[in-house]
Amino acid sequence: MNPVTYIAAADVTGALASLYAGVDANSTPSKPIAGGTNLLDLMKERVMHPQQLVDINALPLDAITAAPDGGLRLGATARNADTAYHPLVQAQYPVLTAAILAGASPQIRNMASNGGNLLQRTRCHYFYDATVPCNKRAPGTGCSAIGGLTRQHAILGASDQCIATHPSDMCVALAALDAVVHVRSNAGERQIAFADFHRLPGEHPEQDTTLAAGELITHIDLPPAQQFAAHSAYLKFRDRASYAFALVSVAAMLDVGEDGMVRDARLVLGSVAHKPWRVPAAEAVLIGRQVDAVAFAEAADVLLAGARGQGQNDFKITMAHRAVVRALTQAVEGTHDNTHEHTDAFSSDSLDQEPT
Amino acid sequence: MNAPISVPLAPAAPAAPVATYPVSLTINGRQHDFQVEAWVTLLDLLRERAGLTGSKKGCDHGQCGACTVLVGGRRINACLTLAVMQNGKEITTVEGLAQGDQLHPLQQAFIDHDAFQCGYCTSGQLCSGVGLMNENRARGADGACTRAEVRELMSGNVCRCGAYPGIVAAVTEVMGMTSPDDTDRAFLPGTVPA
């Protein structure tokens with residue numbers, strides 16, 4: 001780890017002042033630290049080397065509170081575990097509970113913050129290896145992943161500069177839930193729609209997000225989503241049964257009417273692109289249709305349109321297609337939030353059941 | 001034979017003063033005060049400054065769980081947090097689990113169930129198991145914890161000797177799970193190995 005100084009911010013204004021001091025002098029960038037589970041690891045690997053860490057754990061940003069409109073506000077420094085197991089999250093946003101609990105380990109979920117989850121960096125091996133070229137770590141040096149070991153890499157939205165994927169499970173669910181990221185800087189406050197928060201690599205893979213220097217995430221707002229709570233699933237495929245990053249993951253949410261017709265749908269893929277991969281046209285395929293495997297496969301076709309493998313990860317295209325169909329099938333059957341093996345709702349309906 | 005070459009030493013640059021920070025921790029019930037650099041991890045502080053070497057440095061990247069300690073009763077990886085960030089907190093390491101000569105029930109259960117071979121992961125496994133019970137997350141759909149849940153919620157601790165059956169047996173016994181309900185089948189429809 002590089003020599004670094006530390007300051008514990010007492011409030012948001014103080015944190016912004018400390019962060020902004022780093023912005024002014026580009027040679028001494030400051031980074032906020034909450035859980036630190038990714039930042040400190042990257043500092044140990046000499047991938048990131050901030051000169052100052054601004055500890056934001058004393059800021060009053062750790063609450064999870066119900067919003068007047070029926071939504072929920074997730075504090076930026078609330079821990080991933082506390083978010084996943086929060087009664088309101090489990091009841092109203094089970095897909096978020098499921099996604100968080102599918103990721104990392106209990107130890108890391110106890111430490112990692114919600115804001116930090118959004119800002120975690122790719123787990124591309126070449127990004128982590130500071131001895132090889134990487135456009136994300138050292139812009140302009142080239143991409144070592146292209147033509148290299150690409151099992152975990154992107155099949156959608158990649159560029160000739162970078163084929164890294166965003167590793168988060170939580171963010172896949174937040175994308176499906178139409179979350180809104182609230183940020184503050186010395187210039188004031190602004191809101192960023194979740195779809196606009198992470199970006200595709202393009203010519204600037206060093207920029208993971210649209211967050212500007214000196215901006216601090218304060219909270220993440222979830223609009224009401226109770227219409228989906230009975231039919232949601234987060235399905236994750238990985239190389240071992242637990243504690244591994246996804247090869248492919250899917251957040252699927254359905255609002256199914258009494259007549260068995262889909263009123264609304266949300267469908268997002270994880271670990272296939274530089275950001276959670278959501279295509280509104282794929283969701284539109286499902287609306288007004290009966291829930292069946294044909295409709296699900298059509299939605300998967302649209303979601304995966306233009307997918308291109310790198311050789312070693314070609315399997316992800318087939319896997320993602322099947323995962324979409326399977327996750328939607330699970331969502332029809334009920335909701336499970338990954339806190340137990342099965343919930344009662346999981347066996348209450350069935351895809352095979354004839355619509356009444 | 002080459003003549004020895006005399007290279008004049010460059011005058012040493014005056015070392016910039018290194019900033020240090022006060023850190024007060026209650027470790028295993030005792031108050032400790034340190035003055036450390038910002039980049040000292042909690043794990044390095046425990047092992048090298050407090051002399052508590054029970055917490056192990058396995059990977060130093062949060063992947064193995066050997067450094068697991070309890071902060072306010074909850075499990076964390078001591079390698080992935082800075083000591084200075086934990087200022088004022090209450091830390092429990094494996095050295096703090098026993099009461100004098102009386103082993104913690106989980107320590108006794110590890111012995112009874114042969115839950116370790118080389119022992120390197122054991123202190124992390126013990127703290128993780130105690131944290132699992134403290135956190136009370138393994139409750140099952142009907143309120144009854146299952147063996148599969150324990151396996152999932154202990155997955156942040158790797159054992160390369162493969163003592164997992166003994167570890168799960170020890171943890172579930174101390175949690176009061178009497179019936180070996182299920183076996184070692186994988187957990188959860190939402191988490192499928194590829």
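**Briefing: chains A and B of a predicted model**

Along its sequence, chain B runs β-β-α-β-β-β-α-α-α-α-β, which amounts to five helices and six strands. Helices (H or I, at least four residues) and strands (E, at least two) are DSSP runs, numbered from the N terminus. This is a predicted model, in which local features need pLDDT of at least 70 and side-chain atom pairs count only at pLDDT 80 or more, while totals for chains, interfaces and linings use all residues. Residues are numbered from 1 along each chain as its sequence is written, and chains are lettered from A and ligands numbered from 1 in the order in which they are written.

**Chain B: overall**

- Of the 194 residues in chain B, 45% are buried (20 or more other C-beta atoms within 10 Å of the residue's own, with C-beta atoms placed from the backbone).
- Taking contacts in chain B between residues at least 6 apart in sequence, 61% join residues at least 24 apart; two residues are in contact if their C-beta atoms, placed from the backbone, lie within 7 Å.

**Chain B: the two domains**

- Chain B splits into domain 1 (20-96) and domain 2 (105-174), with bounds from an automatic or database domain assignment.
- The C-alpha centres of domain 1 and domain 2 of chain B are 21 Å apart.
- Domain 1 of chain B gives 15 residues to the contact, and domain 2 of chain B gives 14 residues.
- On the side of domain 1 of chain B that touches domain 2, strand 3 (68-71) and strand 4 (74-77) of chain B are the elements giving two or more residues.
- Strand 3 of chain B has the largest share of that side, three residues.
- By class, that side of domain 1 of chain B holds six nonpolar, six polar and three charged residues (nonpolar: Ala, Val, Leu, Ile, Met, Phe, Trp, Tyr, Cys and Pro; charged: Asp, Glu, Lys and Arg; polar: the others, Gly among them).

**Chain A: a three-stranded sheet**

- Chain A has an open sheet of three strands in the order 1-3-2, with parallel pairing; two strands pair if DSSP finds at least two bridges between them.
- Strand 1 (5-8) and strand 2 (30-33) of chain A are at the edges with a single partner strand each, so one side of each has no neighbour in the sheet.
- Strand 2 and strand 3 (residues 52-55) of chain A pair in the parallel sense over four bridges.
- Ile33(A) has Asp55(A), in strand 3 of chain A, as its bridge partner.

**Chain A: confidence**

- Chain A has a mean pLDDT of 93, and 93% of its residues reach 70 or more; pLDDT is the predictor's confidence in each residue, from 0 to 100.
- Over residues 342-356 of chain A, pLDDT stays under 50, and the model has 25 contacts beyond four places in sequence for these residues.

Note on methods. A residue is buried if 20 or more other C-beta atoms lie within 10 Å of its own, exposed if 12 or fewer, and partly exposed in between; C-beta atoms are placed from the backbone.
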